[in-house]
Amino acid sequence: MSNGSFPPTPRRLGGTLVIVLAVLAPVCFAGWLVWRSLDEDDTEAVGDKPAAATVTPSSPSPAGGAPREKPADSKPGQSPERTPDGGRALRGKVVVIDPGHNPRNRDHTAAIARTVDVGTHRKECDTTGTETNAGYAEATFTLDVSRRVRALLTERGATVRLTQDDDRPYGPCVDERAAIGNEARADAAVSVHADGAGPGQRGFHVILPASVRDGGADTSAITGPSRHLGERLVHGFSTATGTVPANYLGGGEGLTVRDDLGGLNLSTVPKVFIECGNMRDSKDAALLTDGRWRQRAARGIADGITDFLRGTR
Ligand SMILES: [Zn+2]
């Protein structure tokens, strides 16, 4: 109980309101300032996220601001855009990422030198891969990028499997790398590599399976979708990294076709290789050894796979 009158008189209520407003106004203003600064932080952070999908191209903002730009990676005729957060858009999809070589292959040279049947011929189980002139190994690069791709695609709802995760003494052999994708019934499989070409030879390229029907190899069902996947990867990778397709093969288009790679010959699911750059060129090596660039490379690969998967089913 209080000894004041209840309900309060109009005069008293008015006085109370004035006091409450006087206290609340600066608090609200301070809160607004905090909210503004958080909002700006979010805007800057968008650079590390997939391109927003809900933007309507060329429509001026209601507030009369500058027109919002169309996402750089959307072109007419391409697959539906990603939702702003990836939207768990890849739920139910299975992706196999194959980190080329294995950091421990160098300790098992005899084991990886044994040959396996790749349909068209026999070739080595696996190889050590290349390295930069300073000794940064391709296998270290491929594993790092592959793990980053896995994180991005998992965030988008896909089930992702790596063919190796530095969890085995060597390999797997190239035939097993293909078998892992086949047995997983992967919707897409990508083998991650970096090239060992000459100085001055720069840029990335994607390797597509040739039409092969020989021995245990039959790529007739996957050449079409693999090309589709490869084209999306070229677009996604160049957009995310700002690098251009290789200047030393593929006619500047970033696509080549090979019939000698067991990982492609023996695949029964859409599969390509991506050579992310040339480890033996100093400028490319500077990119490949930069963790921030590798994150962009991973995003490019994840975006290419996402576009492929969303555009085909
Ligand atoms: Zn390689």
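Which residue in β10 does His193 stand opposite? His193 stands opposite Glu275. The legends below describe a predicted model, in which local features need pLDDT of at least 70 and side-chain atom pairs count only at pLDDT 80 or more, while totals for chains, interfaces and linings use all residues. Residues are numbered from 1 along each chain as its sequence is written, and side-chain values use heavy atoms, with hydrogens and water left out.

**View 1. The whole protein chain.** The protein chain has eight helices and ten strands; these are DSSP runs numbered from the N terminus, helices being H or I of at least four residues and strands E of at least two. Of its 313 residues, 43% are buried, where buried means under 20% relative accessible area, exposed over 50% and partly exposed in between (1.4 Å probe, protein chains only). Contact means heavy atoms within 4.5 Å. Among contacts between residues at least 6 apart in sequence, 80% join residues at least 24 apart.

**View 2. The zinc ion and its protein donors.** His101 (NE2), Glu138 (OE) and His193 (ND1) are the protein donors, lying 2.0 to 2.1 Å from the zinc ion. Donors are N, O and S atoms within 2.8 Å of the metal (3.2 Å for Na, K and Ca); water is not among the atoms, so sites may look incomplete. Along the chain the donors follow the spacing H-x36-E-x54-H. His101 is in the loop between β1 (94-99) and α2 (109-113), and His193 is in strand β5 (residues 188-195), 92 residues apart. Both His101 and His193 are buried.

**View 3. Strand β10 and its partners.** Strand β10 (residues 271-278) has eight of its eight residues buried, so it is largely enclosed by the rest of the structure. Two strands pair if DSSP finds at least two bridges between them. β5 and β10 run parallel and are joined by six bridges. Strand β6 (residues 205-209) pairs with β10 in the antiparallel sense over three bridges; here Ile207 has Phe273 as its bridge partner.

**View 4. The largest nonpolar core.** This core has 37 residues, and those with the most contacts inside it include Phe141, Cys276 and Ile305. A nonpolar core is a set of buried Ala, Val, Leu, Ile, Met, Phe, Trp, Tyr and Cys residues joined through side-chain atoms within 4.5 Å. Helix α8 (291-312) is among the elements that each supply at least two residues, and α8 gives the most, with eight. Not counting residues up to four places away in sequence, Ile305 touches Val95, Ile97, Leu153, Ala188, Val190, Leu229 and Leu233. Asp303 also lies in α8 and is buried, with a relative accessible area of 6%.

View 5. The peptide bond from Gly171 to Pro172 is cis, with omega near 10°. Pro172 is in the loop between β4 and α4 (174-183), and Asp166 is also placed in the loop between β4 and α4. Asp166 has a positive phi of about 55° although it is not a glycine. Arg185, in the loop between α4 and β5, has a positive phi of about 50°. Asp166 is partly exposed, with a relative accessible area of 30%, whereas Arg185 is exposed, at 70%.

**View 6. Confidence in the model.** pLDDT is the predictor's confidence in each residue, from 0 to 100. The protein chain averages 81, and 72% of the residues score at least 70. Over residues 1-13 the pLDDT stays under 50, and the model has one contact for them beyond four places in sequence. Where pLDDT is low, the predicted coordinates should not be read in detail.
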